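Please examine the sequence and the structure shown here before reading on.

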Amino acid sequence: MLLVVSLGWAVLQTGRFLLSPLLPAIISSLNITEATAGLALAAFQGVYAITQYPGGEYSDNWNRTTLILPGLAVLVVGFLLFGLAGGLLGFLAGTVVVGFGKGLFAIPSRALVSDLFTARRGRALGVYAAGTDVGGLLASGLAVLALTYATWRTPFVPIAAVLAAVTALYALWTREAVSVGSPSLDAAGTVRRLVASSRQRETLLAFSLFYFMVGGFINFFPTYLAQARGFSDGLASATFAIVFVVGLTIKPLAGGLGDRYSRRHIAVAGLLLCAVSLTGIVLAQSRLVLYVAVFATAAGYKAGFPLADAIIMDEAPADGMGADLGAARALFLGANALGPAYVGVVATYADYAVAFGGFVVCLLVAAALLLRG
């Protein structure tokens, strides 16, 4: 189960990360503006965020398989729309369908991993989360091949085919039958449970600040390197790839350390490392120092993803784990979506140093909140 859901996450993230490097070709092919493309991607992120909570609670009330299998099937359809459907409407449909499928899959698959690895929850979630970095690296290579030898649509059909194979594997290996129960949701009860104590409220705020920083950094770091540091587009992309390479190792390692020691303390160490090294990126006077700072920044913030999930699930009741994680991640992803807007505005009217300085403050406040807990 860990293998199949981690593979599914890696493949869908490959398809998701393909959209960024292929976006100029998509805009040209569909004859649309950057604003239209941005709205389409915002629709993807919005549908993904909204689906987190119901996907989690239904996986608690019904079972994990009842959400995971349809989620994978919807993702296959969504990526086929990218690869085969023509025109702007086909592209918009693809973004909405993929966002919906990813939302159905994301929380139940994490909850399943947590169900199966109670003693080594952090490490298992770290292995799962490393799929994001596998996807980022694969997407970089596939995008180059597609733009050189084919069209922007070409990679999405193989992505759909691999996800179809993953769907078949999951259906073959799962021990749960599809079981649909009551469609009612207890959103009010989930929210009350999440914010029941000051410790929980501070945890939610801390990781919201963390996701806010990640959203801005991930989306604008290559642009920062090109505009503020004079990197070529190719060198900026290669430097950005360091982030994904580091994540492959750091996520399972941080998750494993969280199993052995305090997850909160490991998360605080990562936040502080990220704050210091992000400052180093802004102040670095040489390329070598900049590369070291990029490596350290990636190590600091990549550690946070499996730890955030594990901390939320540690504090959730066994029969409400999916609902709590889904609601929390909906909040986190909402904060994540605000990060790029913040950087864009601040970089336009001030500069990137000020924008990244704001992220340093966010990381320090997040670390202090987690330490209080």
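A disulfide is defined here as a pair of cysteine sulfur atoms within 2.5 Å. The model is predicted, so local features need pLDDT of at least 70 and side-chain atom pairs count only at pLDDT 80 or more, while totals for chains, interfaces and linings use all residues. Residues are numbered from 1 along each chain as its sequence is written, and side-chain values use heavy atoms, with hydrogens and water left out.

**Cysteines**

By the criterion above, the structure holds zero disulfides. The sulfur of Cys 362 has its closest cysteine sulfur in Cys 274, at 11 Å, which is too far for a bond. Buried means under 20% relative accessible area, exposed over 50%, and partly exposed in between (1.4 Å probe, protein chains only).

**Overall fold**

The protein chain has 14 helices and zero strands. Its radius of gyration is 20 Å, close to the 21 Å that the globule rule gives for 373 residues, so the chain is as compact as a globular protein of that length. This radius is taken over C-alpha atoms, and the globule rule is 2.2 Å times the number of residues to the power 0.38. Helices (H or I, at least four residues) and strands (E, at least two) are DSSP runs, numbered from the N terminus. Along the principal axes, the C-alpha atoms fill a box of roughly 55 × 55 × 30 Å. Buried residues make up 54% of the 373 residues. Of the contacts with a separation of 6 or more, 84% join residues 24 or more positions apart, where contact means heavy atoms within 4.5 Å.

**Pocket and cavities**

Spaces are found on a 1 Å grid over the protein atoms alone: a cavity is a set of points where a 1.4 Å probe fits but cannot get out, and a pocket is an open set with protein on both sides within 12 Å along at least five of seven lines; lining residues have an atom within 4 Å of a point. Grid points are joined across faces, edges and corners, and a volume is the space filled by probe spheres set on the points. In the table, Ala, Val, Leu, Ile, Met, Phe, Trp, Tyr, Cys and Pro count as nonpolar, Asp, Glu, Lys and Arg as charged, and the others, Gly among them, as polar.

| Space | Volume | Lining by class |
|---|---|---|
| Largest pocket | about 1600 Å³ | 29 nonpolar, 11 polar, eight charged residues |
| Largest cavity | about 70 Å³ | four nonpolar, two polar, two charged residues |
| Second largest cavity | about 30 Å³ | five nonpolar, three polar, no charged residues |

The largest pocket has a volume of about 1600 Å³. It is lined by 48 residues, of which Phe 17, Ser 20, Ile 218, Asn 219 and Phe 240 are the closest to its centre. Helix α8 (residues 198-228) supplies the largest share of this lining, nine residues.

There are two cavities of 30 Å³ or more. Around the largest cavity lie Leu 194, Gln 200, Thr 203, Leu 204, Ile 312, Glu 315, Ala 316 and Asp 324, and α8 again gives the most, with three residues. The second largest cavity is lined by Phe 207, Phe 210, Ala 267, Gly 270, Leu 271, Gly 300, Tyr 301 and Gly 304. Two or more of these lining residues come from each of α8, α10 (263-283) and α11 (287-302), with α10 giving the most, three residues.
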